[in-house]
Amino acid sequence: MKKCIALVAHDNCKSDLIGWVSYNWHTLAKHKLVCTGTTGQLVEKTLLEKSAQSLDLHKLKSGPLGGDQQLGAMISEGEVDVVIFLWDPISVQPHDVDVKALLRIAVLYNVPTACNRSTADFVISSTLLEKPYTPKDNKEHIQTYLKRELPL
């Protein structure tokens, strides 16, 4: 079963993600990949060096230029099955609010999200990656929010 896997990494984490992609290329090549900006260029280069087969890879804008928001929109539309987002917990990001929004949307829509390499290893090796899986949705929670009483 082909899944849509989002791959995102902050600058200080890109080399770690590319090492992870290089190690897991056999698995990743079976799925649709969506990446933000520069990460997408690096992922594409790495996978093409590993295999001559065609890739199903879609590159969004760079995170600070709207890529995080594009990815968030895809998640809210149910188009993303897994997020691998190696973010830098030490450095201040100019688009920190976008990062927080992206992670909030991933949690709201119950999308499996790995924020470090160890969790990414667990996610990529899960048997659920290769078979149909429907995560529990938050429709009830969302509907309650939408129907809340607003102060006038």
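Axes here are lines fitted to C-alpha atoms, for helices over the stretch in contact, with angles taken between N-to-C directions. All views come from a predicted model.

**View 1. Helix H4 packs against helix H5, in contact with it through residues of both helices.** Let's start with the pair of helices. The axes of H4 (residues 67–76) and H5 (residues 96–108) come within 9 Å of each other and cross at roughly 10 degrees. Since angles under 35 degrees count as roughly parallel, H4 is therefore roughly parallel to H5. The crossing of H4 past H5 is left-handed. On the H4 side, look for Asp68, Gln69, Leu71, Gly72, Ile75 and Ser76; H5 contributes Asp98, Val99, Leu102, Ile105 and Ala106. Sorted by class, this contact has six nonpolar, three polar and two charged residues.

**View 2. Tyrosine 109 sits in the loop between H5 and strand E5 (113–114).** Its relative accessibility is 32%, so tyrosine 109 counts as partly exposed. Setting aside neighbours within four places in sequence, tyrosine 109 touches Ile75, Ser76, Asn138 and Ile142. Two of these residues, Ile75 and Ser76, also belong to the H4 side of the contact with H5. Glutamine 41 lies 68 residues from tyrosine 109 in sequence, and their C-alpha atoms are 27 Å apart.

View 3. Cysteine 4 is in no disulfide, and the nearest cysteine sulfur, in cysteine 35, is 9.4 Å away. With 4% relative accessibility, cysteine 4 counts as buried. For cysteine 115, the closest cysteine sulfur belongs to cysteine 13 and is 10 Å away, too far for a bond. Cysteine 115 counts as partly exposed because its relative accessibility is 28%.

Technical notes. Residues numbered from 1 in each chain as written. Predicted model: local features only at pLDDT ≥ 70, side-chain atom pairs only at ≥ 80, totals over all residues. Heavy atoms only, no water. Axes fitted to C-alpha atoms, helices over the stretch in contact; angles between N-to-C directions. Helix = DSSP H or I, 4+ residues; strand = E, 2+ residues; numbered from the N terminus. Parallel < 35°, antiparallel > 145°, perpendicular 65-115°, else oblique. Left-handed = near helix turned anticlockwise from the far one by under 90°. Contact = heavy atoms within 4.5 Å. Nonpolar A, V, L, I, M, F, W, Y, C, P; charged D, E, K, R; others polar. Buried < 20%, exposed > 50% of the residue type's maximum accessible area, 1.4 Å probe, protein only. Disulfide = S-S within 2.5 Å.
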